[in-house]
Amino acid sequence: MRADDVPPAGATRAATTTAEPVAAPTAGGRTADAATVIARAGSAEAAASGLGAEMVRLMRLFAAWTQRAGFECGAADRVLLARLVTCGRRRATDLAADVFLDLSTVSRQVRSLVDRGLVERHPDPEDRRGSLLGATEAGRAAYRSAVRRREAELTRLLEPWPAEDRTLLTRLLKRLNDDLVDSTYTSLGTGQRPAGEARQGDPHA
């Protein structure tokens, strides 16, 4: 026991029992209370608070960067366009399910993409009343340009990082995204994503 753990001379038993209990020191000199504080600081709840704040910050900074870069598509448009470029023609209902958005929201965004010549409608061979959505050549070019510019910017930012840090960041972010996708399927009542199905945003917008 350290000297500062010994009660001062003349202290009454009542005084020592009514005070906050002091846990016995643990290995390394930390008290159990201090260890508890450290454990709480490393808890999932504390991590969620810090990660949530950083995610919001990242989205805000990325949105500002894409605006400065002059991308033709906004974030929501890029998600839909990326899906059509990487997965081919899709019905609007399937596209909405792919990106976890309601059909009315996707329909508005699709109209904007069609009006700008980035997406076009094709007859659905399985349903004469329906149509398939597909990226135009201009849409594919816009998508490729956005990916190149994003990767160039991220390359510049990550160049000073140690290789192991770059690898760890990518691995953990992919893990978080995969867990978010599976959690979303579960919350929608569909369970785990169907085997072999591409995850939402994979390849990402």
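Which residues of helix 8 are buried? The legends below take this up along with other close-ups.

**View 1. Helix 8 and its buried residues in the predicted model.** Asp-178, Val-181, Asp-182 and Tyr-185 are the buried ones in helix 8, where buried means under 20% relative accessible area, exposed means over 50%, and partly exposed lies in between (1.4 Å probe, protein chains only). Helix 8 covers residues 163-187, 25 residues with 36 Å from first C-alpha to last. That is close to the 36 Å expected at 1.5 Å a residue, the expected span being 1.5 Å times one less than the number of residues. Helices (H or I, at least four residues) and strands (E, at least two) are DSSP runs numbered from the N terminus. This is a predicted model, in which local features need pLDDT of at least 70 and side-chain atom pairs count only at pLDDT 80 or more, while totals for chains, interfaces and linings use all residues. Residues are numbered from 1 along each chain as its sequence is written, and side-chain values use heavy atoms, leaving out hydrogens and water.

**View 2. The largest nonpolar core.** Such a core is a set of buried Ala, Val, Leu, Ile, Met, Phe, Trp, Tyr and Cys residues joined through side-chain atoms within 4.5 Å. At least two core residues come from each of helix 4 (75-87), helix 5 (92-98), helix 6 (103-115), strand 2 (127-135) and helix 7 (137-158). Helix 4 gives the most, with 4 residues. Zoom in on Leu-95 and you will find contacts (heavy atoms within 4.5 Å) with partners including Leu-80, Val-106, Val-110 and Leu-133.

**View 3. A nonpolar patch on the surface.** Leu-51, Met-55, Val-56, Met-59 and Leu-180 make up this patch, with about 450 Å² of accessible area together. Areas come from the Shrake-Rupley method with a 1.4 Å probe; for residues, only the protein chains shown count as cover. Patch residues have over 30% relative accessible area and no salt bridge; like charges are joined within 9 Å, and nonpolar side chains (Val, Leu, Ile, Met, Phe, Trp, Tyr) within 5 Å. Helix 3 (residues 44-69) supplies the largest share, 4 residues. Met-59 lies in helix 3 and counts as exposed because its relative accessibility is 55%.

View 4. A salt bridge here is a side-chain nitrogen of Lys or Arg within 4 Å of a carboxyl oxygen of Asp or Glu. Glu-137 pairs with Arg-140, the closest N and O atoms being 3.2 Å apart, and also with Arg-144, at 3.1 Å. Glu-153 and Arg-156 meet at 2.7 Å, N to O. Glu-153 is partly exposed at 22%, whereas Arg-156 is exposed at 53%.

**View 5. Phe-100 in the loop between helix 5 and helix 6.** Most residues other than glycine have a negative phi. Phe-100 has a positive phi of about 60 degrees although it is not a glycine. Its relative accessibility is 25%, so Phe-100 counts as partly exposed.

**View 6. Pro-123 in strand 1.** Strand 1 spans residues 119-124. Pro-123 is exposed, with a relative accessible area of 70%. Not counting residues up to four places away in sequence, Pro-123 touches Gly-130 and Leu-132.
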